[in-house]
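Dear colleague,

Please find the structure handed over below, together with its sequence. I would be grateful if you would read the notes that follow alongside it.

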Amino acid sequence: MVDKIAYPVQLIQPDGRRVHNPEYSALVADVGPERLRTLYRDLVVVRRIDTEATALQRQGELGLWAPLLGQEAAQVGSAHALEPDDYVFTSYREHGVAWCRGVDPADMTRMWRGCTHSGWDPSTVNTTNPAIVVGSQGLHATGYAMGAHLDGAEIATVAYFGDGATSQGDISEALGFAVSWSAGVVFFCQNNHWAISAPVRVQSPVALAHRAAGFGMPSVQVDGNDVLAVLAVTRQAARRARDGAGPTFVEALTYRMGPHTTSDDPTRYRTPAELEEWKARDPLTRVRRLLDREGLADEPYLAAVQAAADDAADRLRTGALSAPDPDPLMMFDHVYATDHPVLSGERARYAEYLAGFGTASHEEARS
């Protein structure tokens with residue numbers, strides 16, 4: 001099968017055949033058999049993590065989950081292009097990025113279970129917790145990149161967002177500011193074709209990557225279901241950022257095969273035929289076919305991959321089910337750096353409310 005959609009950057013076709021691209025093939029020339037097998041392992045693990053978390057939500061153990069089914073290559077490929085001291089600002093769907101950056105699956109569901117405001121300490125993995133406010137992370141990434149530059153740190157900062165976020169003012173402001181100050185940001189847009197029920201054509205009549213030109217920013221459009229191509233273009237963009245050459249906009253063309261979140265029903269706004277068309281471009285299947293073509297998918301290796309995926313899923317489930325219920329008043333902690341009279345008043349009133357249910361003492365309510 002030859003995919004007829006034209007991608008400016010593609011290194012693996014859906015049938016597993018390699019595509020030679022003089023510029024971008026050179027950027028992944030170091031990816032030998034073992035590194036390729038590692039990429040496939042992470043793709044499988046990330047899908048297993050996502051499947052397990054979705055199941056937990058369906059079983060009533062999580063309040064919500066944002067599935068990434070179909071977007072694994074965009075996340076794994078880009079994350080593998082980064083150095084440990086690079087800093088990542090995610091949206092709410094980058095569970096694959098979190099895995100590749102070293103986040104323990106046991107910590108990935110705490111926020112979605114409603115136990116904490118965040119799941120992990122960002123400073124330990126240089127990766128933020130999920131950002132629910134659409135597009136805000138673009139500004140955070142730009143500010144961080146500027147601060148890192150002033151500190152003399154030669155790092156790349158990455159802002160992940162979806163196609164819908166490109167219509168948010170925060171992203172436009174971030175693009176304009178990053179160009180004006182040559183901030184070392186990789187703006188990584190996962191164009192999964194649907195912003196909840198709004199198709200990407202509603203966001204823009206032209207390729208989203210073309211929007212960057214209006215800000216004076218270089219951009220590249222890549223097959224987001226091709227893990228090697230994504231790795232190549234992200235390496236190039238991250239290198240520009242580290243070298244002080246400024247920001248880059250990457251548009252990874254991929255597809256959300258599941259719902260926007262577990263509260264969404266995608267059958268109400270897209271056709272089965274569209275879904276089947278994109279299933280034929282499955283990012284895991286194409287790498288497995290490449291491994292088969294090159295004799296790298298032996299049974300011991302595949303068994304090890306499955307074991308790694310099952311172990312990650314077990315850690316995720318155990319972490320979710322063992323997470324302690326928080327004290328309701330903890331929601332008022334760490335809102336401001338110092339005491340704030342309005343917040344203190346709200347806390348006291350809520351404590352009094354809880355006291356009526358026997359969940360807080362009257363002494364605590366009066367504090």
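This is a predicted model: local features need pLDDT of at least 70, side-chain atom pairs count only at pLDDT 80 or more; totals for chains, interfaces and linings use all residues.

Residues are numbered from 1 along each chain as its sequence is written, and side-chain values rest on heavy atoms, with hydrogens and water left out.

**Nonpolar cores**

In soluble globular proteins, nonpolar side chains tend to be buried together. A nonpolar core is here a set of buried Ala, Val, Leu, Ile, Met, Phe, Trp, Tyr and Cys residues joined through side-chain atoms within 4.5 Å. Buried means under 20% relative accessible area, exposed over 50%, and partly exposed in between, with a 1.4 Å probe and protein chains only. The largest nonpolar core has 70 residues, and those that touch the most other members are Tyr-24, Tyr-40, Phe-188, Val-222, Leu-228, Val-250 and Leu-291. Apart from this core lies another, of 21 residues, including Ala-165, Val-185, Leu-208 and Met-217.

Contact means heavy atoms within 4.5 Å. Not counting residues up to four places away in sequence, Tyr-40 touches Leu-284, Val-287, Arg-288, Leu-291, Tyr-301, Leu-302 and Val-305. Val-287 is also touched by Val-227, whose other contacts, with the same exclusion of residues up to four places away, are Leu-39, Leu-43, Ala-73, Val-76 and Gly-77. Val-227 is located in helix α11 (residues 227-242); helices (H or I, at least four residues) and strands (E, at least two) are DSSP runs, numbered from the N terminus. Val-227 counts as buried because its relative accessibility is 0%.

Which residues of α7 are buried? They are Ser-136, Gln-137, Gly-138, Ala-141, Thr-142, Ala-145 and Ala-148. Their cover includes β1 (87-89), β2 (157-162), α8 (169-180) and β3 (185-191). Just after α7, Gly-152 takes a positive phi of about 85°.

**Aromatic rings**

Rings of Phe, Tyr and Trp (its six-membered ring) pair if their centres lie within 6.5 Å; planes under 30 degrees apart count as stacked, over 60 as edge-to-face and the rest as tilted. By this rule there are 14 aromatic pairs. One of them is the tilted pair of Tyr-160 and Phe-188, at 5.2 Å centre to centre with 55° between the planes. This pair links distant parts of the chain, with Tyr-160 in strand β2 and Phe-188 in strand β3, 28 residues apart. Both Tyr-160 and Phe-188 are buried. Phe-161 and Phe-249 form an edge-to-face pair, at 6.0 Å centre to centre with 65° between the planes. Here too distant parts of the chain are linked, Phe-161 being in strand β2 and Phe-249 in strand β7 (residues 248-253), 88 residues apart. Phe-161 and Phe-249 are buried. Ring pairs also join Phe-332, Tyr-350, Tyr-353 and Phe-357 into a cluster.

A charge sits over a ring if NZ of Lys or CZ of Arg is within 6 Å of the ring centre and within 35 degrees of the ring normal. The charged end of Arg-37 sits over the ring of Tyr-301, 4.1 Å from its centre. Arg-281 lies over the face of Trp-278, at 4.4 Å from the ring centre.

**Individual residues**

Gln-75 is part of helix α3 (residues 72-79) and is buried, with a relative accessible area of 0%. Its side chain makes a polar contact with that of Gln-190 at 3.4 Å. A polar contact is a pair of N or O atoms within 3.5 Å; within protein, one must be able to donate a hydrogen and the other to accept it, and residues adjacent in sequence count only if both atoms are side-chain atoms. Leaving aside neighbours within four places in sequence, the contacts of Gln-75 also include Arg-93, His-95 and Tyr-160.

Asn-126 has a positive phi of about 50° although it is not a glycine. Asn-126 lies in the loop between α6 (122-125) and α7 (136-150), and counts as buried because its relative accessibility is 18%. Ile-196, likewise not a glycine, has a positive phi of about 55°. Ile-196 is placed in the loop between β4 (194-195) and β5 (198-199), and at 42% relative accessibility counts as partly exposed.

With kind regards
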